[in-house]
Amino acid sequence: MALAKPIAMSFVKIWVHLVFSTKNRNPWLLKDIRYKLHQHIIENCKEKEIFLQAINGYTDHIHCLISLGKEQNIAKIANLIKGESSFWFNRQGFTEDVFGWQDDYFAVSVSESQLQTVTNYIKNQEQHHAKKSFDKEVEEFSAAYGWTVVKA
């Protein structure tokens with residue numbers, strides 16, 4: 001009698017909606033700069049084996065839809081994306097000031113059934129923020145997910 005081959009069990013599929021803002025919510029991410037930054041983040045994520053499904057944002061923040069790998073956690077991913085992208089941004093000389101991201105970020109899990117909804121939400125950030133400020137968006141996330149917004 002032949003023994004059955006063991007089945008590989010390492011499989012992780014955890015979707016995360018990650019949002020982070022520029023330092024002091026400075027509106028540094030003008031349209032032409034923003035798209036260059038997004039493209040750079042996409043390329044950086046590929047190099048670091050971060051599965052980035054969607055990215056977009058507005059003048060003062062970025063939304064990412066990410067699937068975490070089995071050796072990854074959200075703090076590590078957020079630090080890799082934010083740290084490398086701010087280093088790249090400053091090397092490009094897009095602003096005379098030193099560019100940086102806020103230390104904090106927002107991250108929530110996303111179910112498979114909501115992937116298209118979240119992807120569409122991320123893709124439509126410009127239209128969304130033509131009607132609603134990032135502060136208002138943060139307040140709505142806070143109410144929906146039950147955390148207290150602390151204003152500095």
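Four strands make up an open sheet in the order 2-3-1-4, with antiparallel pairing (two strands pair if DSSP finds at least two bridges between them). Strand 2 (51-58) and strand 4 (106-110) are the edge strands, each pairing on one side only. From one strand to the next the twist averages 20 degrees. The model is predicted: local features need pLDDT of at least 70 and side-chain atom pairs count only at pLDDT 80 or more, whereas totals for chains, interfaces and linings use all residues. Residues are numbered from 1 along each chain as its sequence is written, and side-chain values use heavy atoms, with hydrogens and water left out. Helices (H or I, at least four residues) and strands (E, at least two) are DSSP runs numbered from the N terminus.

Strand 1 and strand 3 run antiparallel and are joined by eight bridges. Ser-21 stands opposite His-61 in strand 3. Helix 1 lies across strand 2 and strand 3 and runs at about 165 degrees to strand 2. Axes are lines fitted to C-alpha atoms, for helices over the stretch in contact, and angles run from 0 to 180 degrees between N-to-C directions. Helix 3 (residues 115-123) also packs on the sheet, touching strand 1, strand 2, strand 3 and strand 4, and its direction makes about 155 degrees with that of strand 3.

For helix 2 (residues 74-92), 19 residues at 1.5 Å a residue should span 27 Å, and the end C-alpha atoms are 27 Å apart, which agrees (the expected span is 1.5 Å times one less than the number of residues). Its buried residues (under 20% relative accessible area, 1.4 Å probe, protein chains only) are Ile-77, Ala-78, Ile-81, Lys-82, Ser-85, Ser-86, Trp-88 and Phe-89. Seen down the axis of helix 2, these residues fall within an arc of 165 degrees and so line one face of the helix; the arc is that of the directions from the helix axis to the C-beta atoms. The face turned away from the buried side carries Asn-79, Phe-87 and Arg-91, which are exposed (over 50%). Strand 1 (14-21), helix 1 (31-47) and strand 3 (61-68) are among the elements that cover the buried residues of helix 2. Just after helix 2, Gly-93 takes a positive phi of about 70 degrees.

Leu-29, in the loop between strand 1 and helix 1, is buried, with a relative accessible area of 0%. Neighbours within four places in sequence aside, the contacts of Leu-29 (heavy atoms within 4.5 Å) include Leu-37, Tyr-58, His-61, Phe-89 and Trp-101.
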